[in-house]
Amino acid sequence: MYRPFENRLNHALSKHHLYRAQWSIMYYLNNDASVTLVELSHYLGVEKPTVTRTIAKLEEMGYLEPVPTKDKREKECS
């Protein structure tokens with residue numbers, strides 16, 4: 001049941017050049033304003049490099065913009 005749902009969702013999102021994983025991040029950010037990549041990776045249950053790549057793609061597409069932080073090792077997005 002999950003796979004057909006995911007396929008239909010990806011098909012619906014394709015007109016915006018998005019996939020479910022990207023949409024999940026944008027949905028989370030829409031509800032929780034800004035969050036670190038580590039917090040996002042814990043919420044989604046995926047590795048931080050996966051979130052980093054997805055965020056970079058969303059920034060490249062203009063859907064997200066980085067938020068400056070005091071700690072240069074940490075990255076936030078909104």
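Buried means under 20% relative accessible area, exposed means over 50%, and partly exposed lies in between, with a 1.4 Å probe and protein chains only. Keep these words in mind while selecting residues.

The structure is a predicted model, in which local features need pLDDT of at least 70, side-chain atom pairs count only at pLDDT 80 or more, and totals for chains, interfaces and linings use all residues. Residues are numbered from 1 along each chain as its sequence is written, and side-chain values use heavy atoms, with hydrogens and water left out.

**The whole chain**

Start with a cartoon view. The protein chain has four helices and three strands, where helices (H or I, at least four residues) and strands (E, at least two) are DSSP runs numbered from the N terminus. Their order along the sequence is α-α-β-α-α-β-β. Of the 78 residues in the protein chain, 29% are buried. Switch to a surface view: the accessible surface is about 5800 Å², and 54% of it belongs to carbon and sulfur atoms. Accessible areas come from the Shrake-Rupley method with a 1.4 Å probe, and for residues only the protein chains shown count as cover. A contact means heavy atoms within 4.5 Å. Among contacts in the protein chain with a separation of 6 or more, 43% are between residues 24 or more positions apart.

**Helix H1**

Select residues 2-13, which form helix H1. H1 has twelve residues and reaches 16 Å from its first C-alpha to its last, close to the 16 Å expected at 1.5 Å a residue; the expected span is 1.5 Å times one less than the number of residues. Now colour Glu-6, Leu-9, Asn-10 and Leu-13, the buried residues of H1. Looking down the axis of H1, these buried residues fall within an arc of 100 degrees, so they line one face of the helix. The arc is that of the directions from the helix axis to the C-beta atoms. An α-helix has 3.6 residues a turn, so residues three or four places apart point the same way. Helix H2 is part of what covers the buried residues of H1. Turn to the face of H1 away from its buried side to find the exposed residues Arg-8 and His-11.

**From H1 to H2**

Next select His-17, in the loop between H1 and H2. His-17 has a positive phi of about 60 degrees although it is not a glycine. Most residues other than glycine have a negative phi. His-17 is exposed, with a relative accessible area of 61%.

Show the side chains of Glu-6 and Arg-20. They form a salt bridge, with the closest N and O atoms 3.1 Å apart. Here a salt bridge is a side-chain nitrogen of Lys or Arg within 4 Å of a carboxyl oxygen of Asp or Glu. The pair links distant parts of the chain, since Glu-6 is in helix H1 and Arg-20 is in helix H2, 14 residues apart. Glu-6 is buried at 10% relative accessible area, whereas Arg-20 is partly exposed at 26%.

**The core**

Select Ile-25, Leu-40, Ile-55 and Leu-64. Of the 13 residues in the largest nonpolar core, these touch the most other members. A nonpolar core is a set of buried Ala, Val, Leu, Ile, Met, Phe, Trp, Tyr and Cys residues joined through side-chain atoms within 4.5 Å. Helices H1, H2 (20-32), H3 (37-44) and H4 (48-60) each supply at least two residues of this core.

**Helix H3**

Move to Ser-41 in helix H3. Ser-41 is buried, at 6% relative accessibility. Leaving aside neighbours within four places in sequence, Ser-41 is in contact with Val-46, Glu-47, Lys-48 and Val-51.

**Helix H4**

Select residues 48-60, helix H4. At 1.5 Å a residue, the 13 residues of H4 should span 18 Å, which agrees with the 18 Å between its end C-alpha atoms. Its buried residues are Val-51, Thr-54, Ile-55 and Leu-58. Seen down the axis of H4, they fall within an arc of 100 degrees, so they line one face of the helix. Arg-53 and Glu-60 are exposed on the other side of H4.

Which residue forms a salt bridge with Lys-57? The partner is Glu-60, with the closest N and O atoms 3.4 Å apart. Lys-57 is partly exposed at 37% relative accessibility, and Glu-60 is exposed at 62%. A search of the whole structure finds two salt bridges.
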